[in-house]
Amino acid sequence: MAEKNIKITIDGATVKVPPGTTIMEAAEQLGIRIPRLCYHPGLSLEGACRVCIVEVKGMPFFMASCSVKVWDGMEVQTNSPEIRQARRDIVELLLDNHPKECQTCERDGNCELQNLAYTMGVRERYFEGKRKDLPEDDTSAAVVRTPEKCILCGRCFRVCSEIQGVNNLSQHHRGFNTVVGPANLINMDDSVCIQCGQCINVCPTAAFLEKRHTDDVWKALADPKKHVVVQTAPSIRAAIGEGFDMPPGTPATGKMITALRRLGFDAVFDTNFGADMTIVEEAHELVQRLKNNGPLPLLTSCSPGWINFMEKFFPELIPNASTCKSPMGMLSTLAKTYYAQKKGLDPKDIYMVGVMPCVAKKYEARRPEHMMADGRPYTDAVLTTREMIWMIKCYGIDFINLSNGEFDLPLGFSTGAADLFGTTGGVMEAALRTASEWITGESVDKLEFTEVRAVEGLRESTVQIGDYTLNVAVANGLINAKTILERVISGEKQYHLIEIMACPGGCIGGGGQPYPPKGMKVLDPALLRLRAKALYTIDENKQLRRSHENLMITQLYEDFLGEIGGQKAHDLLHTHYHARLPRGIL
Amino acid sequence: MPSSVQEFYQTLVARAEEAFAAREEGKKIVIQVGSATCEHAAGSREVLDEFRKHIISSGRKDIVLRQTGCTGRCSREPIVGVFIPGRMPVKYERVDRELVHDIFVQHVQGGAPITEHVLDAEQNKVSEYEFLFCDSSRCGWQGGLRIKDVFTEKLRAAGVDMERVKVSLASCFGACGKELAGTCSHVLVRPLKILYRVKSEADLDEIVQKQVLKGKIVEQLRVGDEPVSQEFFDVYGDVAFFNRQSRVALRNNGVVDPESFDEFIHYKGFKALATVLERGDPQWVIDEVTKARLRGRGGGGFPTGAKWTSATKNEEKIRYIICNADEGDPGAFMDRSMLESDPFNAIEGMIIGGFAVGAQRGFIYIRAEYPLAIRRIQHAMELCHKYGILGENIMNSGFAFDIEIRLGAGAFVCGEETALIRSIEGERGQPRIRPPYPSQSGLWGKPTVINNAETFANIAAIINYGGEWFNRLGTEKSGGTKVFALAGKVRHTGLVEVPLGTTLREIVYDIGGGVPKDKKLKAIQTGGPAGGCIPAKWADLAVDFDTLTQAGSIMGSGGMIVLDEDDCMVDIAKFYLSFSQDESCGKCTPCREGTTRILEILEKITGGDGTVEDLDRLERLAKLVNRSSLCGLGRAAPNPVLSTLKHFRAEYLAHVVDKRCPSKRCKALLHYEIDAEKCIGCTVCARNCPAECIAGARKTAHVIDAAKCVKCGRCFEVCRFDAVIRT
């Protein structure tokens with residue numbers, strides 16, 4: 001029984017909308033875009049900023065259009081002089097308690113508050129007074145918290161609890177002294193933060209940012225004694241173009257490679273090679289565990305945000321996690337061993353930069369398990385996609401008009417399976433492509449396992465490979481991971497392989513990806529679909545689409561590593577985990 | 001068995017009455033000492049101990065010592081009542097150890113009251129009889145004052161010694177049925193507990209002739225019903241502060257022992273619950289409450305009947321009911337007083353409410369700063385469990401309901417219902433957007449009814465006396481009474497419960513006794529920090545939810561601060577804003593940032609740096625915060641500014657244009673000078689000046705160095721020759 005549509009008037013125009021529609025949504029149907037700030041379609045309603053207020057006839061107070069649902073005969077004014085002044089004043093009140101350092105702020109030009117102030121016409125300050133004076137917290141290896149720039153829109157703590165289930169961020173104190181931070185305002189480094197960086201993504205200002213590595217990278221590039229190599233994660237090529245106003249979903253692999261060469265990198269490698277390596281080692285691990293009765297399910301280990309989550313929230317599942325290093329970790333290791341040996345370089349002179357969609361990778365690179373014997377890191381610096389875009393811009397490179405370059409060999413060669421790593425279900429699909437052939441011992445035609453592409457965040461399916469009926473699950477966004485892991489712990493269902501990506505949509509929605517282009521929101525499913533599509537297209541256009549078919553890898557094992565899953569591979573390409581404190585509360 | 005509830009109740013009553021009778025209070029001298037947080041702070045526990053020692057050492061067996069809660073008359077506490085059978089009850093104020101001895105020796109043992117220590121002694125004489133005429137004009141009766149004078153005249157004509165008899169006006173006794181409304185008056189005769197219904201002068205003659213002169217009861221005029229708060233009038237009817245009040249919610253305060261289940265039963269406790277459960281019809285309860293036009297006493301003024309109805313319309317069967325006792329307004333203490341002095345009443349109201357809306361669980365959300373109230377509610381709940389009033393199968397009716405106490409950490413915003421719910425859920429106490437309203441989706445997403453403690457305190461009375469009766473007590477739109485915490489520049493401060501529609505003047509002058517030192521009334525601030533200031537010229541405003549809102553203030557939880565000519569309205573606005581600013585939860589922009597900026601501007605103005613433009617900015621911000629904030633607290637926070645700007649703009653202008661504070665409150669705007677003509681050079685000012693900025697030789701006129709002066713006012717205070725001029 002469909003309920004009757006409701007007729008309402010907005011700014012004199014009439015529109016019919018289904019019951020339950022908010023004023024904001026109804027206005028959009030009439031082409032009226034009501035300004036907003038704390039509102040985010042992917043998060044719960046906060047109603048805190050009050051920027052989206054409108055006048056409703058008969059109501060003594062302005063109403064927040066994001067949250068008020070329409071009623072029959074409602075008459076709304078979105079643009080009366082009073083409303084415009086009220087909105088302007090609200091934005092001014094936010095600015096009055098915000099540092100006046102827009103020009104030197106990392107978000108200059110890309111800040112929602114700044115844009116709003118411009119649009120609302122805050123040309124003069126009427127109410128300035130004291131400002132909050134709070135110290136920056138840069139203790140975390142990945143996420144820098146600058147509460148001074150926080151406008152308390154609440155998106156960060158909503159994403160932290162509602163999408164990631166981490167609940168690290170919350171509000172403390174009250175009124176003018178309200179501040180967002182970890183429990184008891186302890187340092188980010190001592191908190192349960194899993195460094196996914198989603199707070200950075202959703203923050204309208206620069207209250208959350210990644211730890212800056214660009215300075216170190218500039219320094220290394222300028223050092224003639226350093227052999228500076230770079231690797232780019234699978235999802236970078238699908239998103240980097242957005243930073244140069246290319247339409248979302250435009251693959252920009254070739255231009256990216258050229259840009260990196262221009263910046264002065266001595267070799268441009270592809271994390272995809274590491275991804276193929278990961279599949280080879282991980283598929284081997286899966287087959288071994290299937291044959292040796294576990295421990296199952298095998299949990300993927302590519303996402304460092306997820307690894308942090310596991311160590312803090314689900315330490316009991318550590319034995320289940322794949323011991324494979326992440327693709328970045330594998331590639332960095334090979335660069336400073338295999339590549340160094342081939343090139344006759346001292347590993348000390350190699351400076352490895354990872355360009356990642358991820359801020360947790362900044363932490364991963366600093367983990368003791370990822371250090372060489374001499375205590376130096378395999379990965380020296382990790383740049384987010386955003387940082388990379390900025391460096392290219394800073395260098396004056398006309399990205400759009402660049403010619404296409406090619407990755408350097410051998411660590412720049414990859415199969416289509418590796419490209420899938422950038423999106424949800426990709427590791428699973430890639431692993432199944434390899435495992436299905438290894439388990440059956442014959443070639444399998446099936447390439448696309450679309451049933452594991454967890455666009456909705458969580459997907460379970462059953463895959464028949466030879467004699468094995470594998471229960472697999474794919475989760476992105478840790479709140480979804482939590483659901484599936486609780487099922488694992490309760491023993492409700494036996495799973496064999498579970499892919500977990502900390503960020504919604506997988507790496508394409510990573511905490512280090514570009515701020516969304518105009519008209520789109522972070523976590524916007526449409527945006528994530530476009531980025532994913534770019535990766536699927538790249539995969540489809542490759543001739544080799546199974547990781548174990550990577551010729552360079554075959555050669556690597558022959559020349560250097562020995563057996564798949566062998567001792568040397570284990571020493572170099574595998575890692576271990578341990579329960580970490582503070583333990584998160586589920 | 002249809003009558004099982006009544007049987008259950010009658011058994012309770014029989015047992016309680018037996019226990020009550022065993023105390024033989026009617027035959028003994030009773031000494032009653034108040035016991036509540038305020039009483040304890042004033043020293044009532046010492047007083048109680050002292051009386052106990054005296055009784056023991058006197059060896060007398062005919063003296064009973066008992067405790068009650070508080071009457072709400074805090075400034076005069078500890079209050080002690082001495083009741084000698086057949087004599088008028090005598091109450092003493094501000095009793096201390098020494099006075100205990102005098103009271104015991106002279107009054108209890110000697111029979112002679114110590115008149116100079118009697119409560120409100122300046123107005124109250126101890127008399128033999130007192131006739132209290134109802135003077136509630138809300139029923140249409142216009143003749144209270146006249147009939148009182150006629151009666152006094154008749155007493156004089158009959159040659160009665162006016163020292164023996166006292167004639168007073170009281171508020172409504174609630175003794176008129178609908179058909180009688182406006183056609184008669186009622187007279188309560190103390191200490192005889194007799195209520196007469198008077199329709200003509202001949203009836204008055206009859207009372208004079210029979211009752212006063214011969215001491216016989218005029219049976220044909222006697223009304224069988226006890227007036228509501230009969231017991232209260234019995235004890236306190238002679239006190240002007242009390243007898244103009246209509247105590248419904250506070251009817252048992254200062255009367256019952258808050259820790260005695262039997263006493264509560266004796267004073268008709270749980271009678272209403274028995275009636276409700278006997279009928280077994282939730283809709284009937286809601287109808288009565290709707291008829292009563294009871295509106296939310298926490299300040300919102302939402303009709304309780306409608307709120308309850310809304311919850312019952314929900315298909316979800318798991319429902320909750322919450323008693324909001326998170327009293328946060330500075331200076332308001334009615335909830336504390338009610339819960340400390342009459343905890344069973346609040347519980348009874350909640351159980352009835354729970355039954356009406358179909359709730360299985362109730363929560364009392366009470367601030368942790370009220371340990372005594374928490375203890376007494378806890379104790380009362382334990383007794384209720386023991387006697388089958390809470391838990392499974394209440395009063396044998398099959399209805400199951402239980403209550404839990406949840407403590408609030410003291411954030412003002414947790415009085416807001418959605419923030420309170422968040423707090424009970426264990427989340428940060430912050431309001432969330434409405435709708436959905438709690439009656440649709442509240443605690444843990446279930447339909448939840450939240451009412452203020454005072455609202456619940458009225459429920460049993462509504463059931464016992466009828467919704468119609470309650471409705472008649474108030475105004476056209478809101479029935480019943482409201483408790484106010486009267487404070488500030490008024491002679492008698494404390495809790496005042498009056499019918500809605502009572503004028504501010506009646507409250508301030510008739511009950512409060514007017515402004516001390518005969519200073520000029522300037523304004524009345526109502527509604528706590530979120531309320532507004534109503535100028536003295538509107539003193540005849542009939543107090544109601546809507547009239548107060550129209551006047552730019554709010555009912556709030558019932559704070560009422562009287563301001564006189566010495567109060568600076570800018571300073572008052574600043575005081576309230578500093579409270580709201582401090583208590584803002586920080587969620588929405590206008591309240592969090594706006595109140596801070598408003599406060600800054602007010603500080604600038606009182607600091608002497610204000611400009612005329614500041615007044616415009618102030619108004620613009622205040623309106624913004626008022627119209628754009630997320631919750632009721634933010635919306636109401638600018639009321640003190642908006643109302644004072646509206647009614648006292650001249651004072652603001654004096655601050656910003658003339659740079660002076662007309663009430664001489666704002667230190668930065670004061671100037672001290674010495675009048676050379678008047679100064680005799682005594683050096684007292686110079687010796688007292690902490691800044692050492694007064695110079696002058698002995699016996700010559702002194703001079704203040706304005707640049708060094710810290711404006712402490714010490715010189716002004718110590719000068720005995722009025723030579724220091726403060727402007």
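Modeller: Domain bounds here come from an automatic or database domain assignment. This is a predicted model, in which local features need pLDDT of at least 70 and side-chain atom pairs count only at pLDDT 80 or more, while totals for chains, interfaces and linings use all residues. Residues are numbered from 1 along each chain as its sequence is written, and chains are lettered from A in the order in which they are written.

Biologist: Into which domains is chain A divided?

Modeller: Chain A has domain 1 (6-79), domain 2 (143-211) and domain 3 (215-573). Taken over C-alpha atoms, the centres of domain 2 and domain 3 of chain A are separated by 27 Å.

Biologist: How many residues does the contact take from domain 2 and from domain 3 of chain A?

Modeller: Two residues are in contact if their C-beta atoms, placed from the backbone, lie within 7 Å. Domain 2 of chain A contributes 17 residues and domain 3 of chain A contributes 19 residues.

Biologist: Which element gives the most to the side of domain 2 of chain A that touches domain 3 of chain A?

Modeller: Helices (H or I, at least four residues) and strands (E, at least two) are DSSP runs, numbered from the N terminus. On that side, helix 4 (155-163) and helix 5 (198-202) of chain A each give two or more residues; helix 5 of chain A gives the most, with four residues.

Biologist: How many residues does the contact take from chain A and from chain B?

Modeller: It takes 27 residues from chain A and 26 residues from chain B. On the side of chain A that touches chain B, helix 2 (81-96) and strand 7 (169-172) of chain A give two or more residues, and the largest share, six residues, comes from helix 2 of chain A.
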